[in-house]
Every structure is written in C-alpha cells, then in structure tokens.
Amino acid sequence: MASSESTTQMKVVHGDAGYILEDVPHLSDYVPNLPTYPNPLRSNPAYSVVKQYFVHMEDTVPQKVVVHKDGPRGVHFRRAGPRQKVYFRSDDVVACIVTCGGLCPGLNTVIREIVCGLSYMYGVDKVLGIDGGYRGFYSKNTIDLTPKVVNDIHKRGGTILGTSRGGHDTSKIVDSIQDRGINQVYIIGGDGTQRGAAVIYEEVRRRGLKVSIAGIPKTIDNDIPVIDRSFGFDTAVEEAQRAINAAHVEAESVENGIGVVKLMGRYSGFIAMYATLASRDVDCCLIPESPFHLEGKGGLFEFTKKRLKENGHMVIVIAEGAGQDLLTESMQDVDQKDASGNKLLQDVGLWISHKIKDHFAKENKMAIVLKYIDPTYMIRAIPSNASDSVYCTLLAQSAVHGAMAGYTGFTAGLVNGRHTYIPLNRITERMNKVVITDRMWARLLSSTTQPSFLKPKDVHEVKKAEQPPAQLLEGGNCNGGAEEAKKVEQIPTQLLESKIN
C-alpha cells in the first residue's frame, strides 16, 4: 500500500517492501489547471527509430543497487528523460541559462547542449544567457543564445556567459525572471549555487509563477552527494596526470629529488586520490579527510626519508584542503572567506614544501632537491575530455526534458549509471567526501605503500564519526538516504538562504 508525504522541495512516496521514492516538485503542484501538449519529439526524425523514446511515468532509479534479500528496496529517484506530454508550447518558452562559482571543464558543453537540445528537440528559439552569475539577472544585459552562437564553444574552456561568486538577491532575481517573461531557468553550479536555485524555486512557487527551475550540478572536486560523479571530474583527473608526470621526471632526474604536486580538493580529496591511483608514480597522497602529522614515528618526514633511501626520489600529491589544521598551528590563522562563504585556504603545497626543505636542512645528513608544481588554474580552464563531453550532453538533455515535462526544483544527475531528477535539498544537504574506511582508500594505500598516518585511536574515532557515503558501498544501509531526507525536510528556507553562493 503506497503512502506519501511532501514538503515544497520534495515529495516522498512510500511503497511496498520498503520502497521510497524521493520525488521532485511539479508545476501542477501549485499552478492549477495547467494544459498539456503532445511532445514535439513524436515527429522528430532523430527519435523516429528509437523503440521506446518516452520514459514511463512509473520508472524510478534506486540510489543503491546492492541490497540484501530480506532488506528494504530503499530510496529511489525519478528517472530522467522525455515524457509523452509537455507543459510548455515551444513558441511560449523563454529559457535562460546561468553559470555560477568557479570554472570547471565542460561548462561550455553544457551551455551548448541546453541551447541545442531546446532548439533541435523541442523547437524552442528563445534562449537567453545570463551574464556573470546570479548578479547578472539584475545588473547586466542578457545574451541571445542560438545554435549558431554556441556551435563551437565546447572546444573552449571556461564559460562564454561569465561567472561570479555571491551576488544572490532572491527578490531581484525573481523580479527579473518575471519581468523578462522567462519560464525556464537552467542553473549550472556547485552546492552553494544549488542552494540558491532552491531559494529561487521557493520564491517562484510563492508567487505562483509557471517557471521551471532546473539545476545541473557542477563541482570539479566531485563533492556533491547522491550523484555518481560531477562533470569535469574525469577531465581534471586526466589533466592532473601531466603535473604528476612532470613532478616524477624532475624528482627522478636528480639525487634525492622530491616532487610536490598540489591538486584541487577543498574539503574532498577525490581528484588527488583518483589521480594518484591512475598515475602509479605517486609515493604519498594527502587529502583533507585523512589527517597526517609531520614529526615523529610514523610521520611524513620519517616516511620521506625512508622512501628516498629506497628509491632515491619521491612524489607527493596533496589536496588543497589537506593539513589545514597544521597550517593554523604554525602560521597566523586568517579567518577570511570568499564571496561564496568558503574559507580562504592557505597554500598547503608551498607550506609543506618549505617544511620538508627545512627539516632536511636541519638534519644535515641528506641533501634534497624539491620541486613544487601547482596546476590548479591550468586544470580548471581546459575544455572537457571526450568522456565528460558525452556526460555533459546527457545532463543538459535530461534537464531540458525535465523542464519541458513540467518538473521544477530539481537537479539532473547520474545515479548508478542512470540519469535521474533529484530534489534540490538532497544535493545540498551535505558534502560528498572520501571515506577513508572504505576499500578505495585502502587500494590507494596499498598502491603507494604509504602509511595511513592514523594511530589506532584515530582509526576508531574516524569509524565512529564517518557518515554514510553518497556513493554505493558494499553492505550499505538502504534506509540511510531516507533518514537523511527526513532531517533535511526540517531545514527552513531562511537557513538555506544564508548558505548561498
């Protein structure tokens, strides 16, 4: 027997055998008597050969695919894709696209595919680009986007629309949406940007506007929960190989050479971890989730000395957010934040390079040559690779299908290899982090043969404090997502607004 409960941001449907659907809002939830229209894809020659090109209304995707035979079916999300009926006439659609936050490979590809998807699949010819992030809604002119304008932008890095942090003023943004007659808003950005999308959706709903708000998650760090991965991540890992290879060549070419590479990862060390696993030239990987120490038994200095004696060279990869607690102990703690509310981090790569140099200079027993490489802005600014380009296309088209079908307040994302519509509050409830008690981190430790830097007491505390990971883990509890969702339902809009990029 099915039962349901709902908030403005998520509808929860309970079914048999522990089935839970965390459904996204729909325009018909608050705009009465909405007309529907046949989907233009019915007459689209590109789709005429597809056996089943409309998604069944009952299709859902499980958040976790490994379950026990007697366990509940767990949390599901609505499957993305075209529906038989749409809630917008093509000629009536005025869509807009905005990019917010930092740069990431694939931004231009997503912009291109939203424009081309609306035009080629649905016959929409009014698409506006919002210049310079959220503040562009009320402080700048819009850019007309057509398939011709965006034709080759996927070959370039960055975003043709420009981006910024902060600048979110809900009333001004929704006023601008209303004044311009916009009825579909595509918002590309990270967790802070998606919080902003949630607040915009709430205000649009409060005013009773027929405006679909669709999010596309963007974070090069891969720190957004629920989804399998974020676009640009594969490209970042691939490009990081160049820096690691350069550091390895430099270190190997001299006696006692050390190459230090700093990679992105403010709170999550996924890029550093995957780049290390892919490279196989890295001797030590340091990430924010795994604390480490420099001095004493089992410390980084001891391991560095040991590895130099064994191999004559060493490569260290460190995520930008790693070791920040050690920095604040030895340097003046400047508690400054950027426009997105993120704490400004000190350069841990430069700091650890100086620490290693000073340590071996004091010992006077081993002369070292250290080279430090920071490829951060080179990685952020490149266009997406082939894998990410395909992924960007599917994300953009999923968002377009969802908006045309009348869904709103959702994020398009890949869950267990299937494209889904995810409630915005599930994307912003917490950060996705490397689980250092998981097998993937164990694989890295066995690959680099580095110590964990954790004492038995620390391991026990980490296991106690570890939250259930967003990605599938063997033996995971299918009820975890539902419990988290219940907590998120209680978060008021005012609290969300205080955390917006």
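Reader: Is the crossing of α3 and α4 left-handed or right-handed?
Author: Happy to start there, keeping in mind that this is a predicted model. Helix α3 covers residues 170-179 and helix α4 covers residues 191-207, and their axes lie 10 Å apart. The contact draws on residues from both helices, among them Ile173 and Ile177 of α3 and Val199 and Val204 of α4. The crossing of the two is right-handed.

Reader: Thanks! Which word describes the angle of α3 to α4: parallel, antiparallel, perpendicular or oblique?
Author: The two helices pack at about 60 degrees. Roughly parallel would need an angle under 35 degrees, and roughly perpendicular starts at 65. The angle falls between those limits, so α3 is oblique to α4.

Reader: Let's move to Asp23. Is Asp23 buried or exposed?
Author: Asp23 sits in strand β3, which spans residues 19-23. Its relative accessibility is 7%, and the cut-off for buried is under 20%. Asp23 therefore counts as buried.

Reader: Which side chain makes a polar contact with the side chain of Asp23?
Author: Beyond its neighbours within four places in sequence, Asp23 is in contact with Met10, Lys11, Arg78 and Pro423. In one of these pairs, the side chains make a polar contact at 2.8 Å. The partner of Asp23 there is Arg78.

Reader: And in the open sheet of four strands, which are the edge strands?
Author: The strand order is β14-β15-β13-β16, with parallel pairing. Strand β14 is joined to β15 by three bridges, and Cys284 stands opposite Ile316 in β15. The strands that pair on one side only are β14 (284-286) and β16 (369-373).

Conventions
Residues are numbered from 1 along each chain as its sequence is written. This is a predicted model: local features need pLDDT of at least 70, side-chain atom pairs count only at pLDDT 80 or more; totals for chains, interfaces and linings use all residues. Side-chain values use heavy atoms; hydrogens and water are left out. Two strands pair if DSSP finds at least two bridges between them. Buried means under 20% relative accessible area, exposed over 50%, partly exposed in between (1.4 Å probe, protein chains only). A polar contact is a pair of N or O atoms within 3.5 Å; within protein, one must be able to donate a hydrogen and the other to accept it, and residues adjacent in sequence count only if both atoms are side-chain atoms. Contact means heavy atoms within 4.5 Å. Axes are lines fitted to C-alpha atoms, for helices over the stretch in contact, and angles run from 0 to 180 degrees between N-to-C directions. Angles under 35 degrees count as roughly parallel, over 145 as roughly antiparallel, 65 to 115 as roughly perpendicular and the rest as oblique. A crossing is left-handed if the near helix is turned anticlockwise from the far one by less than a right angle, and right-handed if clockwise.
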